[in-house]
Amino acid sequence: MYTKALFKCLVLLLLCVAKSNAQEVLTIEDAVKVALENNFEIKIASNNLKINETNVTIGNAGMLPTVTATVVDNNGIQNSSQTRQDGTSTSLNNAKNNSLNYGVGLDWTIFDGMKMFAQLDQLKELQKLGDAELRRTILVKVGQVNSTYYDLVQQQQQLAALDTTIVISKQRLTLAQNRFTIGKASKLEVLNAQVDLNTDQVALLRQKELYANTKILLNQILARDSKINFKVIDAVKVDNSLILDNLIELAKKQNPELESQIINIRIAELQLKQVKANRYPTVKLNTGYNFSENQSSLGFTSQSSSRGLNYGFSASLNIFDGFAQHRNEKTSKLQIENTKFALEQQNQTLTTQLSTAYQTYLTNLELINLEDNNEAIAKQNLDITLDKFRIGTITTLEFRTAQLNYVNAKVRYSNAQFEAKLSEIALKELAGNISF
């Protein structure tokens, strides 16, 4: 009974330890989803878009009338005296006077040279600009999540490579100690093996530090607790089917920065329309219903009241404003020209970025195949060298060289995959085609 109870306690203890050491396996899809939900920059851009959507109303463009209710109540206490034409006079101390006016008035601009319609169209374009900015923010953040995630994948692979080399270094140290014990090796061989093992352990510690810091960075991008522990999928799948011409065509349709420049041209053209509208008259309608009550302790009328409707219209036309209208129109035309130049510049910059990134992408794809082959050769060379080292037919220096060659080959292969993935991410970001 005692043995059975002890066994149950050990099982429970092992389960608790396993649970405490369990780590979340974070996929790239999950990371992107969390970023879209939590990232602060995306939230800010989303709220800015909502602000622009809220502003798109005919009232904000000035098409609706304004209705104002007013109340004015004036009271006074005065010492007054009056002398009439016939010579008689009247005086009163602490004479009270009261005037109360209240009512509702309506003002409505019914024509302003079509400026209000241009303002409404401009508000709609600003909404589109906010949408493009949101998509740009999302693309940048999703690209950043992808880059950081696959950086972790690369570092995780390098940790595995360093773990492997430490295992090999420990085997080498054990062999050296055994050979020293039976008199087939010198103390120097043991010391060299120990130094190399220590060097590998230092490299592993440095890599673990970098890995931990990069996980903290990814948690920050995902806007979640930096202490959350997780592992990433230990694989990098590079899309090797990208074609430059297709990417350029996609970029012309989907790149948010390019779209923003196109929208800016439209906004500048609408601004010119609003400036030109000042050449036309402005016509306003006004109406209101007012109440008025007056009381006076001294004078011919002690109390009066009135109420009624008033209505009318007003029109104004700018005849001369010191050539400000001409200057404003010229400035607006130059602004349109500048936005067109900016669009051409953005087109050229985008094509250049895509072309250079694509060349890097092709080079990295070739490097993946080359480094994959190099790793296989280095592994084969290490296996042969390890067998020879066990029987003592090669020197420790030759063994260490083969060991480092294998580790470096694994690291270079991992780096090649990572760099190719970065190139793929950059190309898809420029083309506005990152999956999220």
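Mentor: Two residues are in contact when heavy atoms of theirs lie within 4.5 Å. Please bear in mind that this is a predicted model.

Trainee: Which residues of α4 and α8 meet under that cut-off?

Mentor: From α4 they are Ile168, Gln171, Arg172, Leu175 and Arg179, and from α8 they are Leu382, Leu386, Phe389 and Arg390. By class, the contact of α4 with α8 holds five nonpolar, one polar and three charged residues.

Trainee: What angle is found between helix α4 and helix α8, and how far apart are their axes?

Mentor: Helix α4 (residues 115-181) packs against helix α8 (residues 324-391) at about 15°, and the axes are 11 Å apart. Angles under 35 degrees count as roughly parallel, so α4 is roughly parallel to α8. The crossing of α4 past α8 is left-handed.

Trainee: Why is α2 called oblique to α4?

Mentor: The axes of helix α2 (residues 28-38) and α4 cross at roughly 140° and come within 10 Å. Roughly antiparallel would require an angle over 145 degrees, and roughly perpendicular one of 65 to 115; α2 is therefore oblique to α4. In this case the crossing is right-handed.

Trainee: Which residues make the contact of α2 with α4?

Mentor: Ile28, Ala31, Val32, Ala35 and Leu36 of α2 meet Ile138, Val142, Val145, Asn146, Tyr149 and Tyr150 of α4. In this contact ten residues are nonpolar, one is polar and none is charged.

Trainee: Which members of the largest nonpolar core touch the most other members?

Mentor: They are Val145, Tyr149, Tyr150, Leu218, Leu222, Leu354 and Leu427, in a core of 60 residues. Helix α4 gives the largest share of this core, 14 residues. Leaving aside residues up to four places away in sequence, Tyr149 touches Leu26, Thr27, Ile28, Ala31, Leu218, Val232 and Ile233. There is also a second, separate core of eleven residues, with Leu386, Phe389, Ile394 and Ala402 among them.

Trainee: Why does Met114 count as partly exposed?

Mentor: Buried means under 20% relative accessible area and exposed means over 50%, with partly exposed in between. Met114 has 47% relative accessibility and therefore counts as partly exposed. Met114 is placed in the loop between β3 (89-111) and α4.

How values were computed: Residues are numbered from 1 along each chain as its sequence is written. This is a predicted model: local features need pLDDT of at least 70, side-chain atom pairs count only at pLDDT 80 or more; totals for chains, interfaces and linings use all residues. Side-chain values use heavy atoms; hydrogens and water are left out. Axes are lines fitted to C-alpha atoms, for helices over the stretch in contact, and angles run from 0 to 180 degrees between N-to-C directions. Helices (H or I, at least four residues) and strands (E, at least two) are DSSP runs, numbered from the N terminus. A crossing is left-handed if the near helix is turned anticlockwise from the far one by less than a right angle, and right-handed if clockwise. Ala, Val, Leu, Ile, Met, Phe, Trp, Tyr, Cys and Pro count as nonpolar, Asp, Glu, Lys and Arg as charged, and the others, Gly among them, as polar. A nonpolar core is a set of buried Ala, Val, Leu, Ile, Met, Phe, Trp, Tyr and Cys residues joined through side-chain atoms within 4.5 Å. Buried means under 20% relative accessible area, exposed over 50%, partly exposed in between (1.4 Å probe, protein chains only).
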